[in-house]
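Please keep the sequence and the structure in view while reading.

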Amino acid sequence: MTSDQTITPGSARRLAPMLGLALVIIGLLNTLPSIPGLDALAASVLGEGVVIRRFSYEYLFPLVFVIMMCAVALEHSMARDFRQRGRGGALRAFGLAMDVALVVMAVTVALGYLIEIDSVCLIDQITGTRAELIAGALQAEIEFAETMGLPPPNTVDDPSCIATLGLWIFPMVACAIAVFLGYNVRVWGFPLVAVAILIAAYTLITVLVWYVFGADDINKYLVTKLGGEPRQLIDGRPNMQDILVNNAQGLLGRFMGILMNTVFPYIVLGSLFGVSAGGRSLIKLAFLWTRALRGGPAHAAIVSSALFGTISGGPVVNVLSTGVLTIPMMLRRGFSRTFAGGIEAAASSGGQIMPPVMGVAAFVLSAMTVVPYREVIIAAALPAAAYFGCLFLTVVFQARRQGIEAVGEATEDMRLTGADRLHLLMIFAPIGLILLLLLTPKEAVGCGPLAGFWGVTQIVTENGCRAETLPWLLELFQNSAGDAGSAGWWAMALLVALFFLDAEIRKSPGKIVAALADAGLLVSRLYLMFLAVSVIDFCLNLTGLSNYIAVDIISWLRASGGVIGDSALFLFVALLATMLMAILLGMGMPTVPAYINVALLMAPMLVGLGIASFTANMFIFYFAVASAITPPVAVAAFAASSITGADPMRTGIASVRAGVVIFVIPFVFAFYPELLLIEAAQLSPTTGGARYLEGYDGTVHIGGIAFVILRVAAALYLLASALARFEARPIGGAELILRLTLAVLVLMKAPAVSLAALAAAAALLLWHWSGRRGRV
């Protein structure tokens, strides 16, 4: 999660990290967990009303937004880029204009936000109008309470702003969006911006159709109605205000909330993790663990990438961090360049689906589905195990095919020194702390065995258990238990403390400060990307396009007899279309926008077909991750090929073959939601009917899920061996087709079919091994 290496002369080079560091300080203070007594201490020292944590979003969001965009303009200056590339004066002037425009529009949007949002009304505050409105409203409420014999109130709801931007909000929002999208091309590339421009253009066209022709007798896909007759531009002002201030879909709305209130500590953690000495020790440990396996360094790449990736969360960062050590080892053991690069790319991409951190996109999934993050990591556990288990099998089959033997004895470069063991604490201690805090329910702290050990008085009633008082340490633990933001914050703080076990860090503590500054710059770039996603979000909400598509497709499927309970074929077709859309939109994009774009477009359709909302979003999330290894724009595979020197496209194909299970497992849990282990995956999406999907009751039945896991394991084993075309001996064409067919049949819902397929698969494997030639 480190920033791009920029060559910035002069003060701008120094100012960008300073802004990044300032942003990190503000963000970490904002996400500071609830520490017993801290708020009271702050009030007694600094005065009542002074807040030192969980700042008011109305002032926090515009402040950090301006800092973010200033940091982006300094770090990715277009003027500097054109100058360094020797471009002409006109391009340099354009670059400078864009740099200035980004900062100016950030300040303008922040001021517009404060002017338009009802909880601030900046102009009204300056003129005194707001105080008069509040006083008048409060007096009216007091008089009403007196007439009704009620207690007099001391607060009133925020009054609407009187002095606003008026019609100036239209050019302001339009110019801001144009500048933000233009700068996204510079920082994140054109694919994301192309999608935003396409949907924004569609929205503008449909609005113009309404404005010019009205809405009568026009197809719903061609018109976006903003108001009634007569049609006037002012009718669209509430929608423009939503774009600016709406917490659900505004430019400073839910994505800013996710980033600043939940994800922020994890981004800082990932940046710190990137400079820790634990990474190399982790790879040595992975080599040591896998030395007795044929795959050796390839298995080590899987283990280290899974553990490293769960904190870094980025496939390219993961490849470049672990691949520089694991890929040369794989090549020395005899694996081909394309296979080595493919395995590293597939394993590194899997870091985004590996609990407990999983990257930014998983936190967005949690927010969009309103499912606690602790449940998201539970839901991801079995699919992640299936993914990395299948990668292990792929390496085993490839090693057998090439006749590669295990190293066996530990070599010198595998032995862990005392320093290595200390450095490993930097990996496992933060991960363990995150798991402990996320998976511990708050009520278990006050009423569990831990409370009994401390001698806490527990009162048990028919409504449950409660504790009278908790010791300070237990209260601190309870405050952070189950809260994703707090878990990330404490893990980050623990990692900073553990850094001083490293002699290099003790000599150069400035590395910690540099990593913190890098984290702030990364957050800034991420939010620039979120601005492009926000454009797509509010345009789809304005036009209703995704709902129209969902309703029409569902109506057509139902007219054809296609409902999840009646026809699995129609559901499979819908899932296949969603998969293709996710991969297509995800090409060349980070996982976050790839997931959000497809979720906004396709999730309503899947939900309408009878899939639980969480399962539908999880399905899309997996394919957004898979886009990182899917040619022709397989960013993780391209990063791996830069290390191996192999052809990027062949490396991409190899990564798909190795990580093919990431394309399979989402279909499996779409039909078997019990594999996700949480109640949200079994909830019925239909309103007014049964609470759960047909055949489910919201709980996990051990026997049933064990049978499903057995069948999934068999299917993945057959699939991995078929794609490797080797198990104990080479697999011929007929056997390959038979294995693929059985892999599908063992997953069938009908017990008779799946049991027969399992028996046939067992017979096939017995025949295959009995016919092997020689020792492999």
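What percentage of the contacts in the chain with a separation of 6 or more is accounted for by residues 24 or more positions apart? The share is 75%, where contact means heavy atoms within 4.5 Å.

## Basis of the report

The model is predicted: local features need pLDDT of at least 70, and side-chain atom pairs count only at pLDDT 80 or more, whereas totals for chains, interfaces and linings use all residues. Residues are numbered from 1 along each chain as its sequence is written, and side-chain values use heavy atoms, leaving out hydrogens and water.

## Overall form

The chain contains 34 helices and two strands; these are DSSP runs numbered from the N terminus, with helices (H or I) of at least four residues and strands (E) of at least two. The chain is as compact as a globular protein of 776 residues, because its radius of gyration, 28 Å, is close to the 28 Å of the globule rule. This radius is taken over C-alpha atoms, and the rule is 2.2 Å times the number of residues to the power 0.38.

The C-alpha trace spans about 95 × 75 × 70 Å along its principal axes.

## Interior

Of the 776 residues, 52% are buried, meaning under 20% relative accessible area with a 1.4 Å probe, protein chains only. A nonpolar core is a set of buried Ala, Val, Leu, Ile, Met, Phe, Trp, Tyr and Cys residues joined through side-chain atoms within 4.5 Å.

The largest such core has 238 residues, and Phe614 and Phe621 have the most contacts inside it. Helix H24 (residues 510-543) contributes the most, with 20 residues. A second, separate core of five residues includes Val207 and Trp210.

Terms used
Buried means under 20% relative accessible area, exposed over 50%, partly exposed in between (1.4 Å probe, protein chains only).
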